[in-house]
Amino acid sequence: MKKSGVQHRITRVYLIQLLLISMATVLGVWVTANIIEQVLVKQALIKEAEHYWSLLDDNPSQPRPNTRHLLGLLTSDVVSDDIPEVLQVMPDGYHRVELGSEKPIVYIESRDASRLYLVFDEQRVSVLAFLFGILPLTGVLLVIYITSFLGWKKSRELLSPLVQLSDRLRQAPVDNPGLARPDLSDIEADADSEVSVLLGALERYADRLVTFVERERQFTRDASHELRTPLAVFRANLELLVSQTGDRPLIRRMEDTVDDMEATLETLLMLARTEQTSQDSEVIIVNDLAVNLMERLSPLAERKKIRLQVRQRALMRVEAPEAVLTILLNNLVRNAINYSGSGEVTIVIENGAVQVVDAGVGMERSELDRMMKPFQRGESGESGHGLGLAIVQRLCERYHWDVMVASEPGQGTQVEVRF
């Protein structure tokens, strides 16, 4: 599963939530502690000093504050308490002073010749704050953490079937229709849940898709086999007709049509076989294949007054089934011959690519897009089935080759297959 999967996203959200809660808690405790120290304690000591001064005015022998948390020290013309040296040099105001092993809060205030020192021991107050503040807050945080963890765990359990389904579909070999149907039987989901409904829909869709693909393959195989017999009879009768009446342009045209039909049937059969079972690949010298194809199609090119040539700029080897390369080049060259009208058709062999270039009428961009679809023919009086470029594109997709077509009206067409 990828790091960007839904479970990883939920985990990240959960961790971010815990981090924000922790940061907010720490910030809240820090702000509260500062408020207690800077505001409440400070104001309490100021009020305590005012209260003591008022008592001292009424009773000059008023004793200094001396409680469990607060110690008062006074220096005046009448009283001289033992004041630590560190406090004697400090100015009036609010301080935190280190006295021995403790660090109490000290408030110093002078009035006339007298000086009052209030030493507040906050340790016991801190213990009370811990008992009545930090501990309840910690309990609340634990409840939040536990409920968040349970929610995160439950969400992962609920999403686990969906993640398994995603991984199974991601790993399905879609390029091989025979194995493209994934096995979803081991994915457990609660009954009537959204995942269960999705699994059922995918199972039904996969069944229909497999049935459709298999029906298409069966039709292609049956139709191709059934058409071979009448084509063979038709070719035999044409040969008999030539022997009786001689070679005529009309008969040549009929023979060319039969050749095209036989090539189309062989292509459809080959496509049906390659999509059902992978064919053995071998190292093919494309140069030899192109030369043999030129020799085989030269009579067709001569009858259409087209010059067919091979231009070899590199010696190229391709690892692929020979039948696939043969049908691919045959469709490209036949297509170029049928739609060139006149001029020449050139097979150019480069390093890693084969080009078929014609000097025909060319095509507009809109017509070029249409020609890559099945049963679409160019604006020509020549016969054809409209499958040439569509079959080439289908073969290139099957074997992960790149096919590029460039054409301009009046400038011809160039088809390049890059391996």
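Biologist: Is Arg115 buried or exposed?

Modeller: Burial is judged by relative accessible area: buried means under 20%, exposed over 50%, and partly exposed in between (1.4 Å probe, protein chains only). Arg115 has a relative accessible area of 14%, so Arg115 is buried. This is a predicted model, in which local features need pLDDT of at least 70, side-chain atom pairs count only at pLDDT 80 or more, and totals for chains, interfaces and linings use all residues. Residues are numbered from 1 along each chain as its sequence is written, and side-chain values use heavy atoms, with hydrogens and water left out.

Biologist: With which residue does the side chain of Arg115 meet in a salt bridge?

Modeller: Side chains of opposite charge can pair when their charged atoms come close. A salt bridge is a side-chain nitrogen of Lys or Arg within 4 Å of a carboxyl oxygen of Asp or Glu. Here the partner of Arg115 is Asp92, at 3.1 Å, N to O. The two residues are 23 apart and link distant parts of the chain. Asp92 is partly exposed, at 41%.

Biologist: How many salt bridges does the structure hold?

Modeller: There are six. Among them, Asp57 pairs with Arg111 at 4.0 Å, N to O. Asp57 lies in helix 1 and Arg111 in strand 3 (residues 105–111), so this bridge ties together parts 54 residues apart in sequence; helices (H or I, at least four residues) and strands (E, at least two) are DSSP runs, numbered from the N terminus. Asp57 is exposed, at 56%, whereas Arg111 is partly exposed, at 32%.
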